[in-house]
Each structure stands twice: as C-alpha cells, then as structure tokens.
Amino acid sequence: MSLTTPAVQEFNSLLKEMEDFTSRFQTFTLQKKSAISSSKSQHINRVKEFEKRARSLQAEIKATTEKSEKTEALAAQSLLDLQAKQEKVDALTAQSDSRLAAKDQLNRDIDNLRKEVAELENILKNTRSTLGDQAIKDAEELTKFEQYLGLRIEAVDIDLLKFKFVNIDPNNVDREVWCELNVAEQEYKVGLTNPNLPRDVILRIQKDLNMHGELVIFLQSMRNALRAEVS
C-alpha cells in the first residue's frame, strides 16, 4: 500500500480535474466545430440557393421585360394596322358616298338628257313639217326658175352648191353667171360669184338668207344682183 500525502492527493485530484476539463473542452470544441461547420455548410447552401434564386429571378425579369416589350411592340403595330384599316374604311366610305352622289347626278343628267332629246325630237318633227312644206314650195319655184329663167343647180362638193343662170346678159342670152352657196354649217355662206359681186352685196344677201331661210327668195336676190352687175 502506497503512501500518499495530502499534497500528492491534491495533485492527483487536480490532474484528474484537468483531464476531465480537457476532455470536456475537446468535446465542447468538437461540438462547436461541428456546429460551426454545419452552420457554415447551411450558410453556403443558403447563399447558393439565394444566388440560384436570384439568377432565376433575373431570368424571369429579363423574360418578362422582353415579353412586355414584344407585347408593347405588337400592341403598337396592331394600333397602326387598325388605324390603317380605319383610314381605308373611311376612304372606301368616302368613295362609296362619292359614287352614290355621282350615280344620282348621272341619273339626273340622264333624265335631263331624255327631256332634251324629247324636246329636240318635237322641234325636229315640227321643223321637218315646216321644211316639208317649204321644200314643196321651193321645188315648185325652182321648177319655174329652171323653165323660165334658165337656172341649173350643180353639186360642186358635198356641202357646196353652184347655181347657174342664163338669160341674164341682154347682149348674150347664153352667157352663164353663177354663185356658190356653202351649206356645211348652221348658217349659209355665199362663196364665189361670176361676175364678182361687191362684198357688201354678198353679205346683205347672205344675211337675208340666214334670216328667212327661203332658197327661192335667195335665188331671186342673187339673180337680180348678178344681172345688175353685167348690165
């Protein structure tokens, strides 16, 4: 049996406490290290998760922004297309209104033209009747002119007549004198004469013819003027 002194016992007790403390400290240190390592690992994982989430959110924000921009562009283009279509509709509506107005005006013009044609037909009918009566009268008078006064009528051109007279010159009863009458226009025009008549005489006879329109009176006036010229 060994002998121990109080000092040794106290030392041994202290040594035992130191060993226990060291053991507890190591255990505590290991626990803390484990906790720190676990916390660090969790923190790293959380940071990575946050970073992943941040990247995902950034991608979503980018996609949403692009989608929003595309939607805005599409909306703007749709608005432009709608405005263009509306302008086209307005233009077509205006054209339709204009065509309807033109159609109404055309119908009115046609009605007016029909009235004018009817009036002209009546005038023509009356004129033909009057001309028919005058033609009969002129034909009778012309026959007398041809038989007794030596009148001959020639067509120089489609619208130009020549009236020839004999029995005008007392010194030469066979001598022909003549005048030309242009009937191409609305008013008669006296052309050349043989012998040449003064201009004022021609204009007077021409004016009288266009006023009364009777060929027989014209021939009488022209024959008298030609006879006066050769006398």
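**View 1. Phe 163 and Phe 218, an aromatic pair.** At 1% relative accessibility, Phe 163 counts as buried, where buried means under 20% relative accessible area, exposed over 50% and partly exposed in between (1.4 Å probe, protein chains only). Phe 218 is buried too, with a relative accessible area of 1%. Please keep in mind that this is a predicted model, in which local features need pLDDT of at least 70 and side-chain atom pairs count only at pLDDT 80 or more, while totals for chains, interfaces and linings use all residues. Residues are numbered from 1 along each chain as its sequence is written, and side-chain values use heavy atoms, with hydrogens and water left out.

Rings of Phe, Tyr and Trp (its six-membered ring) pair if their centres lie within 6.5 Å; planes under 30 degrees apart count as stacked, over 60 as edge-to-face and the rest as tilted. By this rule there are two aromatic pairs. In one, the rings of Phe 21 and Phe 25 are stacked, because their centres are 6.1 Å apart and their planes at 20°. Phe 21 and Phe 25 are four residues apart in helix H1 (residues 6–148), a separation of about one helical turn. Helices (H or I, at least four residues) and strands (E, at least two) are DSSP runs, numbered from the N terminus. Phe 21 is partly exposed at 46% relative accessible area, and Phe 25 is partly exposed at 47%. Phe 163 and Phe 218 make an edge-to-face pair, with 6.1 Å centre to centre and 70° between the planes. Phe 163 belongs to strand E2 and Phe 218 to helix H3, so this pair ties together parts that are 55 residues apart in sequence.

**View 2. The largest nonpolar core.** A nonpolar core is a set of buried Ala, Val, Leu, Ile, Met, Phe, Trp, Tyr and Cys residues joined through side-chain atoms within 4.5 Å. The largest one has 19 residues, and Phe 163, Phe 165, Phe 218 and Met 222 touch the most other members. Strand E2 (160–165), strand E3 (177–182), helix H2 (199–212) and helix H3 (215–230) each supply at least two residues of this core. H3 gives the largest share, six residues.

**View 3. Helix H3 and Met 222.** The 16 residues of H3 reach 22 Å from first C-alpha to last, close to the 22 Å expected at 1.5 Å a residue (1.5 Å times one less than the number of residues). Among the buried residues of H3 are Val 216, Leu 219, Met 222 and Leu 226. Leaving aside neighbours within four places in sequence, Met 222 is in contact (heavy atoms within 4.5 Å) with Cys 179, Val 190, Leu 197 and Ile 205.

**View 4. Salt bridges around Arg 152.** A salt bridge is a side-chain nitrogen of Lys or Arg within 4 Å of a carboxyl oxygen of Asp or Glu. The whole structure has six. Arg 152 bridges to Glu 154, with the closest N and O atoms 3.3 Å apart. Arg 152 also meets Glu 176 in a salt bridge (2.3 Å, N to O). Arg 152 lies in strand E1 (residues 152–157) and Glu 176 in the loop between E2 and E3, so the pair ties together parts that are 24 residues apart in sequence. Arg 152, Glu 154, Lys 164 and Glu 176 are linked in a network of salt bridges.

**View 5. Lys 162 over Trp 178.** The charged end of Lys 162 sits over the ring of Trp 178, 4.1 Å from the ring centre. A charge sits over a ring if NZ of Lys or CZ of Arg is within 6 Å of the ring centre and within 35 degrees of the ring normal.
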